[in-house]
Amino acid sequence: MKILVINAGSSSIKYALFFKEKVLSRGLIDRIGIRGSTFSADGKTTGVNIPFHEAGFRLLFAYLQESKKIQSLKDIGAVGHRVVHGGATFKKSVSITPDVKAAIRKSFAIAPLHNPPNYEGILICEKILDSVPQVAVFDTAFHHNMPAKAYTYAIPRMLAAKYGIRKYGFHGTSHQYVCNEAARVLRTPISKLKLISCHLGNGCSVAAVKGGRSVDTSMGFTPLEGLVMGTRSGDIDPALVSFLIEHEHLTTKEMDALLNKQSGMLGISGISRDFRELLSSGKKEAALAVDVFVYRLAKYIGAYTAAMQGCDAIIFTAGIGENSAVVREKTCNYLKYAGLLLDRQKNQKNKPIISSPRSKMKVLVIPTQEDMMIMRETVAHL
Ligand code: ADP
């Protein structure tokens, strides 16, 4: 049975087609509804005109048939959809039913940027693929069993209950995947491991994973909390929000955009959100942005070591985590005091284990595969 994994964003559709654990095709339709749309599949990119998501899906299905990845749409046994925010309702992956769709629609209020395009992807696949089973896999689900002391915000409890305000956490499929891989690399059952997983991409989060369960994570009610990210501020003094709204005469929407789209690495440096550009820029503002990023990350690792009463291994993953030896080294330098020793050569080569054998904590580089995890969840669910 072939499984299609879909991650539909506001202007993109990422997909992967699996047969068992093998990727038959993987790609991205980008800049949907924007001039210069592209379709990248299996290493080839072409310019296309994709004014809206359904046109993107139709192009994808036509490509899969023309390239003989599938003979007909009937070859697709199930579709697994990434849905970013599961809110308080979804504690694990679910088959998509009318009730599930209604609950996802309800969650638009707490995830206005992410859940609407995820939902649209579900509707379009239902329309095109008819009765093929579809499963929703939530970024928040892996974190659902965090203890109350980790997920509770210190606000009036009546408001927290009224709106479902708590730390939810995101990147759950990625953290879960790399932690399982870490256990395999370390040849130790995951039930015996205390792991700190650092997912460092355009969005960044850290998770403390004890015995295979997430016990704390840096993103919160929304994916804005925690680490410094490409364009997101991460943690700030909450009083800044009312201060800037008042003094800059901002609407709440403008304030939201400021913290989500104009802050983070881009905001500090004034140069770029892209780590490669910042690391090669040579400008002092770029260097400061990198310093702030790494310092915040190291502080979270320290905090999660205390939260778990120890740490066996730190995992680096996603675009920055998998590729930037500099960021890994700068981060690990803060942890020398705790006996962490890096093997600089292995670090330069992005090897799976980059700590020295004498190090008290292992340090791992594990490429994330969120689509693989979504595929596994989809199969397990069926
Ligand atoms: P997304 O969260 O959108 O999936 P990625 O996981 O692809 O993003 O990560 C994107 C980030 O990874 C960008 O900031 C990019 O600059 C960074 N990155 C990719 N390759 C490198 C590299 N060789 N060195 C440093 N940063 C890198």
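Q: What makes the crossing of α11 and α13 right-handed or left-handed?
A: This is a predicted model. In it, the crossing of α11 and α13 is right-handed. A crossing gets that name if the near helix is turned clockwise from the far one by less than a right angle.

Q: How do you know which residues of α11 meet α13?
A: Contact means heavy atoms within 4.5 Å. On the α11 side, Val290, Asp291, Phe293, Val294, Leu297, Ala298 and Ile301 pass that test. They meet Val327, Lys330 and Thr331 in α13. The residues of this contact divide into 7 nonpolar, 1 polar and 2 charged.

Q: What makes the contact between α6 and α15?
A: α6 brings Thr173, Ser174, Gln176, Tyr177 and Asn180. α15 brings Glu370, Met372, Met373, Ile374 and Arg376. The residues divide into 4 nonpolar, 4 polar and 2 charged.

Q: Which residues touch the most other members of the largest nonpolar core?
A: That core has 38 residues. Cys198, Leu200, Phe293, Leu297 and Ile314 touch the most other members. Among the elements that give two or more residues are β9, β10 and α11. α11 gives the most, with 10 residues.

Q: What does Leu297 touch, leaving out residues up to four places away in sequence?
A: Leu297 touches Cys198, Leu200, Val206, Leu227, Phe316 and Thr331. There is also a second, separate core of 26 residues, which includes Val137, Phe142, Tyr177 and Leu195.

Q: Is Ser191 buried or exposed, and how do you know?
A: Ser191 has a relative accessible area of 54%. Exposed means over 50%. The value passes that cut-off, so Ser191 is exposed. Ser191 is found in the loop between α6 and β9.

Q: How far apart are Ser191 and Thr45 in sequence and in space?
A: They are 146 residues apart in sequence. In space, Ser191 and Thr45 are 42 Å apart, C-alpha to C-alpha.

Terms used
Residues are numbered from 1 along each chain as its sequence is written. This is a predicted model: local features need pLDDT of at least 70, side-chain atom pairs count only at pLDDT 80 or more; totals for chains, interfaces and linings use all residues. Side-chain values use heavy atoms; hydrogens and water are left out. Helices (H or I, at least four residues) and strands (E, at least two) are DSSP runs, numbered from the N terminus. Ala, Val, Leu, Ile, Met, Phe, Trp, Tyr, Cys and Pro count as nonpolar, Asp, Glu, Lys and Arg as charged, and the others, Gly among them, as polar. A nonpolar core is a set of buried Ala, Val, Leu, Ile, Met, Phe, Trp, Tyr and Cys residues joined through side-chain atoms within 4.5 Å. Buried means under 20% relative accessible area, exposed over 50%, partly exposed in between (1.4 Å probe, protein chains only).
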